[in-house]
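Here are my notes for someone opening this one for the first time. Keep the sequence and the 3D view side by side as you read.

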Amino acid sequence: MAETIDSATLARELADCLVRVGRDRDRGAFARLFAHFAPRVKAYLHRLGSDAGTAEELMQEVMVTVWRRAETYDPQQATAATWLFTVARNKRIDAIRRERRPEIDLNDPALVPETPASADDMVTARQQADRVRQALSRLPEEQRELVVMSFFEERPHSAIAEVTGLPLGTVKSRLRLALGRLRKALREVR
Amino acid sequence: MRVTDEMRQAPVHHVDETMLMAYATGSLPEAESLLVATHLALCPACRGAVETYEALGGDLMEDIEAEAVSPGALEAVLSRLDTGPDPRIERPAADIGDPTLPQPLRGYLGQTLDALPWRPVIRGLHEYDLGIGGARVKMLRIEAGAGMPQHSHEGTEHTLVLSGSYGDTLGTYRRGDVSTTDASVDHRPLAGGEGPCICLTVVDAPLRLTGPLGRFLNPFVRF
């Protein structure tokens, strides 16, 4: 239980720092974010196949982008960790794959808004992250492995096929099953 | 054209869950990502799923075994930080293109549907190649009530309806709906009568015409 309280406090602190960077251009808050996230971002990039030197270089790019884009961070929408994850992911697509990442525009008049019913079960970003973590831990080991590998492999489906010895088509249906189970677990932890 | 209430109906046919996941993890190629993101603009349910997977990515990055950064990395980064707001954060530009086309597709096309250099393919069908990832991403315009020749697919084809509708043996597809077909599907889509059916389509291999006329046309038609 103590751990949960600690991680909630930490999450709040990191979100605060990110807000202060965006609003006040606070270098102290940025240094705090750097201390926490830079080693994690580097490890993430390394695990996705960049060598240590490239991972270090890209990590620094990610952190510069964090500074530049912090004013777009909305603590209602995402935890600092989730937001950092999306920045690191996008930097990788840009730098390694040299592709654009098509994204929606939340102010687009053509965007179909949420129905009032779905807006009803709005939870805080922090609660959402906790629930997802719990839902993942409820999956059988094998399915959890598939989901985790999806995040840390450049070509996840082929990598999973190689490790598990399953044909590519089966990998997709297994992953689909695992994701269905994850969504179900997510509804149960509400 | 304006966005009407009818255009705000949430879709019924969705993108495959593994594609949403791949979009969230960042492993989905740009071609498929454009289709997924355009569907997301029209589908609150799938937006929720992607947010879930991104939250999962945040959790997993928190739990990762951290790796020491080079000494002096913080100083190196601090020396690169400017003090003002980022001039590169996109400010809304004068909007071009059809307001009924959701972003990011509207930006990729950069002009109205009428102004696109449509290329006639067969009677009742025009296409426009967006030039992403080879000839994998196209806009299709099927005239109201027109039928497509019977065909199946070498690989997988994803089709997102943007206006009008079409039907085949699998169902009826309207704005925001996505249909995914592979080699097991041999179909003859028919556009609805309400107006031209505009679609965004992504293929990972060419179509194969299977009807009697199709077999003759195959060598000539590049879908």
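1. Chain A is assigned domain 1 (10-97) and domain 2 (120-188), with bounds from an automatic or database domain assignment. Their centres, taken over C-alpha atoms, are separated by 23 Å. Ten residues from domain 1 of chain A and five residues from domain 2 of chain A make the contact; residues are in contact if their C-beta atoms, placed from the backbone, lie within 7 Å. The side of domain 1 of chain A that touches domain 2 of chain A has four nonpolar, five polar and one charged residues. Here Ala, Val, Leu, Ile, Met, Phe, Trp, Tyr, Cys and Pro count as nonpolar, Asp, Glu, Lys and Arg as charged, and the others, Gly among them, as polar.

2. A caution on reading all this: it's a predicted model, where local features need pLDDT of at least 70, side-chain atom pairs count only at pLDDT 80 or more, and totals for chains, interfaces and linings use all residues. Residues are numbered from 1 along each chain as its sequence is written, while chains are lettered from A and ligands numbered from 1 in the order in which they are written.

3. Now the two chains: 63 residues from chain A and 54 residues from chain B take part in their contact. On the chain A side, H2(A) gives the most, with ten residues (helices are DSSP runs of H or I, at least four residues; strands are runs of E, at least two; both are numbered from the N terminus). That side divides into 30 nonpolar, eleven polar and 22 charged residues.

4. Chain B has an open, antiparallel sheet of three strands, ordered E7-E6-E9; strands pair if DSSP finds at least two bridges between them. E7 (171-173) and E9 (190-191) of chain B are at the edges with a single partner strand each, so one side of each has no neighbour in the sheet. Gly167(B) sits opposite Leu190(B) in E9(B).
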